[in-house]
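Here are my notes on the model, as numbered points. Please read them with the structure open.

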Amino acid sequence: MTDDDKPITPEIVEDEKENKDGQLVQQITKPDILYLIPITGRPHLPAQVQPLMVNKIRWEGTLSKASKDSKNLLGLAYLSEVKGKYVYKEDFPKVGCVVRMMNIVDVQGNIQFIAQGLERFRIKRFLSDKPPFVVQVEYFEKINENEDELKAYAIAIINAIKQLLSLNPLYSEEVRQYLGMFSPDQPSPLTDFAAGITTASGDDLQEVLELVSVLGRMKKVMMLLQKEIEIAKLQTKIQKDVNTQVDENKRRFFLMEQLKAIQKELGLQKDDKTSDVDKFKEKFAKLSPPEHVVKRFDEEIEKLSVLETGSSEYGVTRNYLDWITTFPWGVFSEDNINIERAEKVLDRDHAGLSDVKERIIEFFAAGIYKKDIAGSIILFVGPPGVGKTSIGKSIAEAVGRKFYRFSLGGMRDEAEIKGHRRTYVGALPGKLVQALKDCKVANPVIMLDEVDKIGMSYQGDPASALLEVLDPEQNSEFLDHYMDLRIDLSKVLFICTANQLDTIPRPLLDRMDRINLSGYITEEKMLIARKHLWPKLLKRNNLTSKIITITDPTIRYIIEGHAREAGVRSLEKLLNKIIRKSIVTILKEKKEKIRISIKVLEDLLGPPVFQHEKQMSGVGVVTGLAWTQLGGATLPIEAVRVHDKTPGFKLTGKLGEVMQESAAIAYSHVWANLTSFKISKKYFDNAFIHIHVPEGATPKDGPSAGVTIATALVSLATGKAIKRPLAMTGEITLTGDVLPVGGIKEKIIAARRSGINEIILPQGCMPEFKTLPEHIKEGITFHFAKKYKDVFKIAFNGL
């Protein structure tokens, strides 16, 4: 056996003596040779009892020998840092602490024991410079110090400990443990205990361990205690601030709020990711989403939590969550449907349109009865300026819902309706999702303006995308490509507007409840100008009716001479022009009041654009009625005999194919029934006839001119003129049947505007005629024809 293998046995002497109370206590002779192991984190101090854990592979032999040879006495030395895999004697400090090992157990590859601090030691030399480390030590000699000063510092330390206990009761257990082993009158253990209960760094505690003077240690520990008291006060303040913010229902968020308060006190802020997650959760908690939305939200939040804030995927996910949490899931405004109130709102905002108002009131009544006005799609059809959009706003006000309008005119991409997929850069939801987000409710009134002007391109057909939106059987599960979630649009009240029906796809048109707005007659326009347009324009220009006044005859003159279209937009522009010119006059001539009369109207607006129409009359001239996108219009038709060289006829006036066919049918019918119309049998044998519809620059088409062309041919062939203000409309067949046509209301309004007081209509238009308001039919004589011979008898008084 070599010298290195021989066991080194410290000198340990144990005996029992009586203390002053007559109790037997164990006296330990301090060994001068110790087994040594390093510890990290904090040094171990005398008067300190705490569990320690060391690596079993490295230090099992040392602990085994210390337990066997040194009676469980072991030297502990603090290492502030371990630079490599192994520990060398140069790494150890000069001062350590002797501890007694108790309750040694194996814990998952480590050895745990209770270390009871006994005494400081200073290393004299290493007897073994590799594990197990063995050192020769010496102990600090007691030095004489001022007893009064020691006592004063001891009292100060005790008071500091008491103050710390009042701020943090967690220290009470350690104090109780200390009092069970030492007396408060012992300054050295008291100082070591006080240092041990602080949260000071390992280097600060090592300084306390290395100080020989008890008085010096006390001064150092007092500084550490004062710092600990300040930290405890700050923690108490933070806890108090948090408690004032948290009520009884949010106790479970206490720790999180405390963390926030600590970060705020230290000047720290949460990172962007945590802030985003908390914000989205807070916003989502205020909504009432369906289960599939909650599931998607949880998935996206979990994804956001693991993504780096700088990644592109983080931005995409964040934007998606922003849309999900701002969409009004389960948020509905309460309907305030009342028939009387709805009538007042419609009458207040719109003059005339009694048939339209009646249809809207019927719609409201059905909604009141079934307690839900959803499920119907309204389509307003009419010329520009008749109030389609404003009626939609009035409906929203009458129902008590929010109103949102967007135009479909020129829309060429179906993604505008159904959204872009999230795979594209800059993807956004469709207009419908944006509308609900802006309105902040899931049941607004949404107006789809200009539904007849939707475009089509290689990017898709928006009209086809609208099929799902405007179908009450499908829109309860509308799928937006961006949201990728089923959205319930069944509670939304959709109102569409169009100027014509020809360009609206038939499947889309079938899904809508159509209401026609034909236009206004002169009396209705006057009422609108007096009640709505003129007051609105005065208010817009900060004027009153006392400063600028306008007479009713002047308004009528403007309507008949400058604004004959079906709507009132041109009328509004003209009235605004009058106000602008009047303001110039007020400023230049320093006038206080201006009265607008017919005499000054020509100076303001110029000469009338429309002169009073002189009814065209003569042989071969007949007035027809036509429907256009701008309303109804009179359509005079002329026929003249050009020469007798060859039979036939010629058409001019930029007529469409349907109108050309109507002319050919009328020509054939008249020629085939010469006897019935009192026409010479040889008249058409050589006659070449020219048929013209004036205003040749304006395209014209449709079947309504059939009876008019036939009547012009009969007038030409018989040499008899229609000398009274008479107009007619209807389609003719080769056998002489008069077929019904559309746009009867618009055509009657146009006839009234032109001063015509007698109209011939097809017998098949009788149902539509009966639904017309009486004020439109007033003062006009109507005839209904089933065959063309009926038209002939009426027009020529049974010639």
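1. Terms first. Buried means under 20% relative accessible area, exposed over 50%, and partly exposed in between, with a 1.4 Å probe and protein chains only. Helices (H or I, at least four residues) and strands (E, at least two) are DSSP runs, numbered from the N terminus.

2. Basis. This is a predicted model: local features need pLDDT of at least 70, side-chain atom pairs count only at pLDDT 80 or more, and totals for chains, interfaces and linings use all residues. Residues are numbered from 1 along each chain as its sequence is written, and side-chain values use heavy atoms, with hydrogens and water left out.

3. Overall make-up. The protein chain has 28 helices and 26 strands. Of its 799 residues, 46% count as buried. Contact means heavy atoms within 4.5 Å. Among contacts in the protein chain with a separation of 6 or more, 72% come from residues 24 or more positions apart.

4. Helix 1, length. Helix 1 spans residues 56-69, 14 residues in total. From first C-alpha to last it reaches 19 Å, close to the 20 Å expected at 1.5 Å a residue. The expected span is 1.5 Å times one less than the number of residues.

5. Helix 1, faces. Which residues of helix 1 are buried? They are W59, T62, L63, A66 and D69. These cover an arc of only 150° around the axis, which puts them on the same side of helix 1. The arc is that of the directions from the helix axis to the C-beta atoms. An α-helix has 3.6 residues a turn, so residues three or four places apart point the same way. Exposed residues I57 and K68 sit on the face turned away from the buried side.

6. Helix 1, ends. N55 caps the N-terminal end: a side-chain oxygen lies 3.0 Å from the backbone nitrogen of I57. Just after helix 1, K71 takes a positive phi of about 55°.

7. Nonpolar cores. A nonpolar core is a set of buried Ala, Val, Leu, Ile, Met, Phe, Trp, Tyr and Cys residues joined through side-chain atoms within 4.5 Å. The largest has 54 residues, and V451, L466, L470, M483 and F494 have the most contacts inside it. Leaving aside neighbours within four places in sequence, F494 touches residues including I377, L432, I446 and L470. Apart from that core lies another, of 53 residues, among them I360, I528, L543 and L604.

8. T718. This residue is found in helix 24 (residues 706-718). T718 is buried, at 18% relative accessible area. Its side chain reaches the backbone oxygen of V714 at 2.7 Å. The side chain of T718 also reaches the backbone oxygen of S715, at 3.5 Å.

9. A750. Helix 25 (residues 744-753) holds A750. A750 is buried, with a relative accessible area of 2%. Leaving aside neighbours within four places in sequence, A750 is in contact with G632, A633 and T634. The C-alpha atoms of A750 and Y520 are separated by 9.8 Å, with the two residues 230 apart along the chain.

10. Cysteines. How many disulfides does a search of the whole structure find? It finds zero, where a disulfide is a pair of cysteine sulfur atoms within 2.5 Å. C97 is buried, at 0% relative accessible area. C496 is buried, at 0%.

Definitions and conventions. A polar contact is a pair of N or O atoms within 3.5 Å; within protein, one must be able to donate a hydrogen and the other to accept it, and residues adjacent in sequence count only if both atoms are side-chain atoms.
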